Amino acid sequence: MRLWTTVLLAVCIGIPLEAADTAADVQPLPNSEFMELLAKRQIELDPDQTKTLLQFLTDAKKADEFVATLKDEASHSLIAVLPHIVNKDGCQPVLASLKEHPDVLLRFVANCGLAGSGDSDASEVVHALLHDQRLNALDQRLLKTWALGAGINPAKDDSRSILQHLMNLMSKTHKLKVGDECPSFAATTQSGVELNFKSLKGKVIVMHFWSSSCAPCLAEMPQLIETLSKLSLDEAVVVFVSLDEDKKIFEASLEKYGIPFHNVCDKAGWGGPLARSFGVNQLPFDIVIDANGKVLSHSISQLSELTK
(Lines give C-alpha, C1' and ligand atoms only; values in the text may rest on other atoms or scores of the structure.)
Protein backbone atom coordinates (compact mmCIF):
# COMPACT_ATOMS: atom_id res chain seq x y z
CA MET A 1 0.00 0.00 0.00
CA ARG A 2 1.69 3.22 -1.15
CA LEU A 3 1.93 6.16 1.18
CA TRP A 4 -0.51 8.39 -0.63
CA THR A 5 -3.29 5.81 -0.60
CA THR A 6 -3.38 6.03 3.18
CA VAL A 7 -2.23 9.55 3.90
CA LEU A 8 -5.80 10.83 4.36
CA LEU A 9 -6.28 8.30 7.14
CA ALA A 10 -2.92 8.75 8.84
CA VAL A 11 -3.98 11.58 11.18
CA CYS A 12 -3.87 12.16 14.91
CA ILE A 13 -6.42 13.05 17.58
CA GLY A 14 -7.20 16.77 17.64
CA ILE A 15 -8.55 19.37 20.06
CA PRO A 16 -10.64 22.54 19.48
CA LEU A 17 -9.16 25.42 17.50
CA GLU A 18 -6.76 27.61 19.41
CA ALA A 19 -4.49 30.52 18.63
CA ALA A 20 -1.06 29.54 17.34
CA ASP A 21 1.75 31.07 15.32
CA THR A 22 2.22 28.40 12.65
CA ALA A 23 1.17 24.89 11.64
CA ALA A 24 4.00 23.58 13.81
CA ASP A 25 2.17 24.86 16.89
CA VAL A 26 -1.41 23.66 16.33
CA GLN A 27 -3.07 20.32 16.95
CA PRO A 28 -3.88 18.15 13.90
CA LEU A 29 -7.49 17.42 13.09
CA PRO A 30 -9.23 14.16 13.93
CA ASN A 31 -9.79 11.97 10.89
CA SER A 32 -13.56 12.44 10.62
CA GLU A 33 -13.32 16.23 10.76
CA PHE A 34 -10.40 16.30 8.35
CA MET A 35 -12.27 14.25 5.72
CA GLU A 36 -15.43 16.30 6.19
CA LEU A 37 -13.54 19.55 5.65
CA LEU A 38 -11.86 18.19 2.50
CA ALA A 39 -15.27 17.20 1.10
CA LYS A 40 -16.77 20.62 1.84
CA ARG A 41 -13.79 22.69 0.71
CA GLN A 42 -14.42 24.05 -2.78
CA ILE A 43 -11.63 25.01 -5.15
CA GLU A 44 -11.62 26.66 -8.55
CA LEU A 45 -9.42 25.71 -11.48
CA ASP A 46 -8.59 28.19 -14.21
CA PRO A 47 -8.90 27.08 -17.85
CA ASP A 48 -5.21 26.18 -18.17
CA GLN A 49 -5.25 24.14 -14.95
CA THR A 50 -8.41 22.36 -16.04
CA LYS A 51 -6.93 21.60 -19.47
CA THR A 52 -3.75 20.20 -17.94
CA LEU A 53 -5.65 18.02 -15.49
CA LEU A 54 -8.07 16.79 -18.14
CA GLN A 55 -5.17 15.84 -20.39
CA PHE A 56 -3.60 13.84 -17.59
CA LEU A 57 -6.92 12.17 -16.73
CA THR A 58 -7.54 11.33 -20.37
CA ASP A 59 -4.11 9.77 -20.71
CA ALA A 60 -4.71 7.78 -17.53
CA LYS A 61 -8.18 6.66 -18.71
CA LYS A 62 -10.01 8.17 -15.74
CA ALA A 63 -13.78 7.99 -15.31
CA ASP A 64 -15.76 9.86 -17.97
CA GLU A 65 -18.13 11.30 -15.40
CA PHE A 66 -15.26 12.93 -13.50
CA VAL A 67 -13.95 14.46 -16.70
CA ALA A 68 -17.41 15.82 -17.43
CA THR A 69 -17.63 17.28 -13.93
CA LEU A 70 -14.38 19.16 -14.38
CA LYS A 71 -15.61 20.58 -17.68
CA ASP A 72 -19.06 21.61 -16.49
CA GLU A 73 -18.55 22.94 -12.94
CA ALA A 74 -16.77 26.13 -11.93
CA SER A 75 -15.75 24.84 -8.52
CA HIS A 76 -14.94 21.37 -7.27
CA SER A 77 -14.72 19.54 -3.98
CA LEU A 78 -11.08 19.37 -2.95
CA ILE A 79 -11.43 15.72 -1.97
CA ALA A 80 -12.63 14.90 -5.50
CA VAL A 81 -9.48 16.36 -7.05
CA LEU A 82 -6.78 15.19 -4.62
CA PRO A 83 -6.85 11.47 -5.50
CA HIS A 84 -6.02 12.36 -9.11
CA ILE A 85 -2.88 14.37 -8.35
CA VAL A 86 -1.10 12.61 -5.49
CA ASN A 87 1.42 9.87 -6.17
CA LYS A 88 0.46 9.63 -9.83
CA ASP A 89 3.10 8.81 -12.41
CA GLY A 90 3.66 11.59 -14.90
CA CYS A 91 1.46 14.16 -13.17
CA GLN A 92 4.25 16.72 -12.62
CA PRO A 93 2.70 19.10 -15.21
CA VAL A 94 -0.54 19.05 -13.20
CA LEU A 95 1.30 19.65 -9.94
CA ALA A 96 3.32 22.45 -11.52
CA SER A 97 0.12 24.14 -12.68
CA LEU A 98 -1.20 24.06 -9.10
CA LYS A 99 1.95 25.01 -7.17
CA GLU A 100 0.77 28.61 -6.76
CA HIS A 101 -2.95 27.87 -6.41
CA PRO A 102 -4.88 30.29 -4.14
CA ASP A 103 -6.14 27.43 -1.98
CA VAL A 104 -3.35 26.88 0.52
CA LEU A 105 -3.96 23.16 1.05
CA LEU A 106 -4.04 22.40 -2.68
CA ARG A 107 -0.90 24.51 -3.08
CA PHE A 108 0.74 22.61 -0.22
CA VAL A 109 -0.15 19.19 -1.66
CA ALA A 110 1.05 20.17 -5.14
CA ASN A 111 4.41 21.32 -3.78
CA CYS A 112 4.75 18.13 -1.72
CA GLY A 113 4.33 16.17 -4.93
CA LEU A 114 6.89 18.28 -6.75
CA ALA A 115 9.34 17.97 -3.86
CA GLY A 116 8.93 14.20 -4.09
CA SER A 117 10.20 14.37 -7.66
CA GLY A 118 13.33 16.26 -6.54
CA ASP A 119 12.22 19.91 -6.74
CA SER A 120 14.12 21.68 -3.94
CA ASP A 121 12.24 24.95 -4.53
CA ALA A 122 8.99 23.08 -3.86
CA SER A 123 10.33 21.66 -0.58
CA GLU A 124 11.18 25.22 0.48
CA VAL A 125 7.58 26.22 -0.26
CA VAL A 126 6.31 23.28 1.83
CA HIS A 127 8.53 24.33 4.73
CA ALA A 128 7.53 27.99 4.40
CA LEU A 129 3.81 27.17 4.41
CA LEU A 130 4.20 25.11 7.57
CA HIS A 131 5.73 28.15 9.25
CA ASP A 132 3.55 30.86 7.71
CA GLN A 133 2.13 33.03 10.50
CA ARG A 134 -0.36 34.63 8.12
CA LEU A 135 -2.46 31.48 7.77
CA ASN A 136 -5.60 31.14 9.84
CA ALA A 137 -5.75 28.47 12.55
CA LEU A 138 -7.96 26.12 10.53
CA ASP A 139 -5.65 26.15 7.51
CA GLN A 140 -2.70 25.56 9.84
CA ARG A 141 -4.41 22.48 11.24
CA LEU A 142 -5.24 21.19 7.76
CA LEU A 143 -1.62 21.56 6.69
CA LYS A 144 -0.32 19.90 9.83
CA THR A 145 -2.74 17.00 9.49
CA TRP A 146 -1.63 16.35 5.91
CA ALA A 147 2.04 16.83 6.80
CA LEU A 148 1.95 14.34 9.66
CA GLY A 149 0.11 11.85 7.48
CA ALA A 150 2.97 12.15 4.99
CA GLY A 151 5.56 11.67 7.72
CA ILE A 152 6.66 15.32 7.82
CA ASN A 153 7.28 16.77 11.28
CA PRO A 154 6.51 20.52 11.01
CA ALA A 155 8.33 21.27 14.26
CA LYS A 156 11.58 19.52 13.33
CA ASP A 157 11.97 19.10 9.57
CA ASP A 158 13.77 21.75 7.56
CA SER A 159 13.35 22.10 3.79
CA ARG A 160 16.26 19.74 3.09
CA SER A 161 14.95 16.92 5.26
CA ILE A 162 11.47 17.41 3.79
CA LEU A 163 12.97 17.07 0.30
CA GLN A 164 14.90 13.92 1.17
CA HIS A 165 11.91 12.35 2.95
CA LEU A 166 9.41 13.04 0.16
CA MET A 167 11.85 11.91 -2.55
CA ASN A 168 12.24 8.59 -0.75
CA LEU A 169 8.49 8.17 -0.29
CA MET A 170 7.81 8.70 -3.98
CA SER A 171 10.79 6.73 -5.23
CA LYS A 172 10.29 3.42 -6.99
CA THR A 173 13.71 2.20 -5.86
CA HIS A 174 15.00 1.31 -2.44
CA LYS A 175 16.94 3.81 -0.37
CA LEU A 176 19.20 1.03 0.91
CA LYS A 177 20.67 -1.13 -1.82
CA VAL A 178 21.94 -4.71 -1.51
CA GLY A 179 25.42 -4.52 0.02
CA ASP A 180 24.83 -1.23 1.83
CA GLU A 181 25.64 -0.98 5.52
CA CYS A 182 22.67 -1.31 7.83
CA PRO A 183 21.89 2.06 9.48
CA SER A 184 22.38 2.26 13.21
CA PHE A 185 19.08 2.04 15.06
CA ALA A 186 17.58 1.63 18.49
CA ALA A 187 14.04 0.71 19.49
CA THR A 188 12.02 -0.58 22.43
CA THR A 189 9.65 -3.47 21.84
CA GLN A 190 6.11 -3.72 23.12
CA SER A 191 7.38 -6.05 25.86
CA GLY A 192 10.09 -3.61 26.92
CA VAL A 193 13.10 -5.22 25.23
CA GLU A 194 15.75 -2.73 24.09
CA LEU A 195 16.91 -3.46 20.55
CA ASN A 196 19.85 -1.88 18.76
CA PHE A 197 22.00 -2.70 15.76
CA LYS A 198 25.12 -3.35 17.84
CA SER A 199 23.46 -5.98 20.03
CA LEU A 200 21.85 -7.75 17.05
CA LYS A 201 24.87 -7.75 14.77
CA GLY A 202 26.14 -11.26 14.16
CA LYS A 203 22.69 -12.57 13.35
CA VAL A 204 20.52 -12.17 10.29
CA ILE A 205 18.03 -9.38 11.00
CA VAL A 206 14.63 -9.53 9.33
CA MET A 207 12.76 -6.20 9.48
CA HIS A 208 9.09 -6.23 8.48
CA PHE A 209 7.20 -2.91 8.33
CA TRP A 210 3.42 -2.99 8.40
CA SER A 211 0.31 -1.16 9.65
CA SER A 212 -3.13 -2.11 10.94
CA SER A 213 -4.65 0.07 8.20
CA CYS A 214 -2.75 -1.77 5.43
CA ALA A 215 -5.06 -4.42 3.98
CA PRO A 216 -2.28 -6.29 2.09
CA CYS A 217 -0.24 -6.40 5.31
CA LEU A 218 -3.05 -8.01 7.26
CA ALA A 219 -3.95 -10.40 4.44
CA GLU A 220 -0.45 -11.88 4.40
CA MET A 221 0.06 -11.81 8.16
CA PRO A 222 -0.87 -15.44 9.05
CA GLN A 223 1.30 -16.94 6.30
CA LEU A 224 4.15 -14.54 7.07
CA ILE A 225 4.14 -15.50 10.75
CA GLU A 226 4.19 -19.18 9.84
CA THR A 227 7.06 -18.66 7.42
CA LEU A 228 9.24 -16.54 9.71
CA SER A 229 8.60 -18.79 12.70
CA LYS A 230 10.69 -21.43 10.93
CA LEU A 231 13.85 -19.33 11.27
CA SER A 232 16.41 -20.53 13.79
CA LEU A 233 16.57 -18.16 16.76
CA ASP A 234 20.30 -18.87 16.96
CA GLU A 235 20.84 -17.48 13.48
CA ALA A 236 18.19 -14.82 12.94
CA VAL A 237 16.09 -12.24 14.74
CA VAL A 238 12.75 -10.96 13.44
CA VAL A 239 11.53 -7.44 14.16
CA PHE A 240 8.03 -6.33 13.18
CA VAL A 241 7.75 -2.53 13.01
CA SER A 242 4.25 -1.08 12.94
CA LEU A 243 3.56 2.35 11.46
CA ASP A 244 0.37 2.59 13.52
CA GLU A 245 0.03 5.93 15.28
CA ASP A 246 -2.61 4.68 17.71
CA LYS A 247 -1.13 2.38 20.35
CA LYS A 248 -4.48 0.74 21.13
CA ILE A 249 -5.01 -0.20 17.49
CA PHE A 250 -1.47 -1.56 17.36
CA GLU A 251 -2.00 -3.66 20.49
CA ALA A 252 -5.33 -4.96 19.20
CA SER A 253 -3.63 -6.19 16.02
CA LEU A 254 -0.87 -7.88 18.00
CA GLU A 255 -3.47 -9.76 20.00
CA LYS A 256 -5.65 -10.63 17.00
CA TYR A 257 -2.81 -12.08 14.92
CA GLY A 258 -0.68 -13.37 17.77
CA ILE A 259 2.53 -11.90 16.34
CA PRO A 260 5.31 -13.74 18.22
CA PHE A 261 8.33 -11.65 17.20
CA HIS A 262 9.94 -8.46 18.48
CA ASN A 263 7.16 -5.90 18.01
CA VAL A 264 7.92 -2.20 17.77
CA CYS A 265 5.63 0.80 17.31
CA ASP A 266 7.08 4.29 17.56
CA LYS A 267 3.68 5.94 16.94
CA ALA A 268 5.13 8.32 14.35
CA GLY A 269 3.89 6.63 11.18
CA TRP A 270 5.77 7.28 7.96
CA GLY A 271 7.89 9.89 9.72
CA GLY A 272 9.18 7.57 12.43
CA PRO A 273 12.94 7.14 12.86
CA LEU A 274 12.93 3.48 11.79
CA ALA A 275 10.76 4.14 8.74
CA ARG A 276 13.02 6.97 7.64
CA SER A 277 16.30 5.19 8.40
CA PHE A 278 15.34 2.11 6.38
CA GLY A 279 13.67 4.06 3.56
CA VAL A 280 10.14 2.69 3.92
CA ASN A 281 8.10 3.95 0.95
CA GLN A 282 5.33 1.37 0.77
CA LEU A 283 3.63 -1.24 2.93
CA PRO A 284 4.30 -4.02 3.50
CA PHE A 285 8.04 -3.38 3.41
CA ASP A 286 10.78 -5.91 4.16
CA ILE A 287 14.51 -5.64 4.54
CA VAL A 288 16.95 -8.39 5.48
CA ILE A 289 20.35 -7.60 7.03
CA ASP A 290 23.05 -10.27 6.97
CA ALA A 291 25.22 -11.28 9.92
CA ASN A 292 27.89 -8.79 8.82
CA GLY A 293 25.49 -5.86 8.99
CA LYS A 294 24.94 -5.42 5.26
CA VAL A 295 21.67 -5.33 3.32
CA LEU A 296 21.04 -8.81 1.93
CA SER A 297 17.61 -8.49 0.38
CA HIS A 298 14.27 -6.68 0.32
CA SER A 299 12.43 -9.98 0.18
CA ILE A 300 11.86 -12.75 2.68
CA SER A 301 10.32 -15.12 0.18
CA GLN A 302 13.28 -17.51 0.17
CA LEU A 303 14.13 -18.54 3.69
CA SER A 304 17.08 -20.60 2.55
CA GLU A 305 18.84 -17.41 1.50
CA LEU A 306 18.41 -15.73 4.88
CA THR A 307 20.68 -17.87 6.98
CA LYS A 308 23.44 -18.81 4.55
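User: Where is the place of T22?
Analyst: T22 sits in the segment before α1, and α1 spans 31–40. One caution before we go on: this is a predicted model.

User: Why is T22 called buried?
Analyst: Look at its relative accessible area, which is 7%. Buried means under 20%. The value of 7% falls under that cut-off, so T22 is buried.

User: What does T22 touch, not counting residues up to four places away in sequence?
Analyst: T22 touches L130, H131, D132, Q133 and Q140. Touching here means heavy atoms within 4.5 Å.

User: And D25, where is its place, and why is it called partly exposed?
Analyst: D25 also has its place in the segment before α1. Its relative accessible area is 43%.

User: How far apart are D25 and L130, in sequence and in space?
Analyst: In sequence, D25 and L130 are 105 residues apart. From C-alpha to C-alpha, the distance is 9.5 Å.

User: Why is K144 called buried?
Analyst: K144 is found in helix α8, residues 137–149. Its relative accessible area is 13%. That is under 20%, so K144 counts as buried.

User: What is K144 in contact with, leaving aside its neighbours within four places in sequence?
Analyst: The list is A23, A24, V26, P28 and P154. Take A24: K144 and A24 are 120 residues apart in sequence, but 6.9 Å apart in space, C-alpha to C-alpha.

User: How do you know that C214 and C217 form a disulfide?
Analyst: Check the sulfur atoms. Those of C214 and C217 are 2.4 Å apart. The cut-off for a disulfide is within 2.5 Å. The pair meets it, so C214 and C217 form a disulfide. The structure holds 1 disulfide.

User: Why is that disulfide called right-handed?
Analyst: The torsion about the S-S bond of C214 and C217 is about 80°, so the disulfide is right-handed. Both of these cysteines are buried.

User: Why are C91 and C265 called buried?
Analyst: C91 has a relative accessible area of 2%. For C265 the value is 17%. Each value is under 20%, so both residues are buried.

User: What describes two packed helices?
Analyst: The angle between their axes and the distance between the axes. Here, the axes of α6 (residues 104–116) and α7 (residues 120–130) come within 8 Å and cross at roughly 145°. The crossing is left-handed.

User: Which residues of α6 and α7 make the contact?
Analyst: From α6 come V104, R107, F108, N111, C112, L114 and A115. From α7 come A122, S123, V125, V126, L129 and L130. By class, that gives 10 nonpolar, 2 polar and 1 charged residues.

User: Which residues touch the most other members of the largest nonpolar core?
Analyst: I85 and F209 do, in a core of 86 residues. The largest share of this core, 9 residues, comes from α6.

User: What does F209 touch, not counting residues up to four places away in sequence?
Analyst: Its partners are V241, L243, L274, A275, F278, V280, L283, P284, F285 and I287. Two of those names come back together: a cis peptide bond joins L283 and P284, with omega about -5°. P284 lies in the loop between α13 (273–277) and β8 (285–289).

User: What is the phi of K267?
Analyst: K267 has a positive phi of about 60°, although it is not a glycine. Its place is in the loop between β7 (262–265) and α13.

User: Why is K267 called partly exposed?
Analyst: Its relative accessibility is 47%. Exposed needs over 50%, and buried needs under 20%.

User: What makes R276 partly exposed?
Analyst: R276 is in helix α13. Its relative accessible area is 22%. R276 and H165 are 111 residues apart in sequence and 7.2 Å apart in space, C-alpha to C-alpha.

User: How many helices and strands does the protein chain have?
Analyst: The protein chain has 13 helices and 9 strands. Buried residues make up 48% of its 308 residues.

Notes:
Residues numbered from 1 in each chain as written. Predicted model: local features only at pLDDT ≥ 70, side-chain atom pairs only at ≥ 80, totals over all residues. Heavy atoms only, no water. Axes fitted to C-alpha atoms, helices over the stretch in contact; angles between N-to-C directions. Helix = DSSP H or I, 4+ residues; strand = E, 2+ residues; numbered from the N terminus. Left-handed = near helix turned anticlockwise from the far one by under 90°. Nonpolar A, V, L, I, M, F, W, Y, C, P; charged D, E, K, R; others polar. Core = buried A, V, L, I, M, F, W, Y, C linked by side-chain atoms within 4.5 Å. Buried < 20%, exposed > 50% of the residue type's maximum accessible area, 1.4 Å probe, protein only.
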